Amino acid sequence: MPKLAKNIRVLRDIKARQGVQDNEIVRRAYLYVARNQSLPPQVRYQAQLQLNTFGRYTRPTTVKNRCTESGRGRGIMSEFGLCRFQFRLKALKGELVGVRKASW
């Protein structure tokens with residue numbers, strides 16, 4: 001079976017994760033200022049305008065757990081970053097360290 005190529009969804013998710021990581025501190029600072037009721041409205045408004053200038057892939061809500069092999073967005077085992085089907089295939093081949101088929 002040929003190795004699956006990187007799915008565009010996986011690449012988009014990697015880009016979103018990187019964007020969130022790069023801008024996290026600055027975004028949180030602007031959010032804190034924008035939500036702080038004790039600050040003057042003008043300062044809060046300026047902070048909100050700065051928040052609006054950030055791109056799509058800087059928001060944490062754009063990050064979605066996806067299978068790193070197939071790009072599937074459902075049934076993800078977050079410890080391995082794989083969907084259940086890919087997890088099963090790799091586990092049966094013995095490619096996952098510490099995982100093997102149960103028998104009792």
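Let's start at phenylalanine 80, which is partly exposed, with a relative accessible area of 34%. Partly exposed sits between buried, under 20% relative accessible area, and exposed, over 50%, using a 1.4 Å probe and protein chains only. Phenylalanine 87 is buried, at 16%.

A word on the model. It is predicted: local features need pLDDT of at least 70, side-chain atom pairs count only at pLDDT 80 or more, and totals for chains, interfaces and linings use all residues. Residues are numbered from 1 along each chain as its sequence is written, and side-chain values use heavy atoms, with hydrogens and water left out.

Now the rings. Searching the whole structure gives two aromatic pairs. One of them joins phenylalanine 80 and phenylalanine 87, 5.0 Å centre to centre, with 50° between the planes, so tilted. For the cut-offs: rings of Phe, Tyr and Trp (its six-membered ring) pair if their centres lie within 6.5 Å; planes under 30 degrees apart are stacked, over 60 edge-to-face, the rest tilted.

Next, helix α1, residues 8-35. Helices are DSSP runs (H or I, at least four residues), numbered from the N terminus. Where does α1 bend? At glutamate 24, by about 60°. That bend is the angle between axes fitted to the seven residues ending there and the seven starting there.

Which residues of α1 are buried? They are Val10, Asp13, Ala16, Gly19, Val20, Arg27 and Ala34. They pack against α2 (41-52), with contact meaning heavy atoms within 4.5 Å.

Last, arginine 27 again. Arginine 27 lies over the face of phenylalanine 54, 5.8 Å from the ring centre. The rule: NZ of Lys or CZ of Arg within 6 Å of the ring centre and within 35 degrees of the ring normal.

Technical notes: Helices (H or I, at least four residues) and strands (E, at least two) are DSSP runs, numbered from the N terminus. The expected span of a helix is 1.5 Å times one less than its number of residues.
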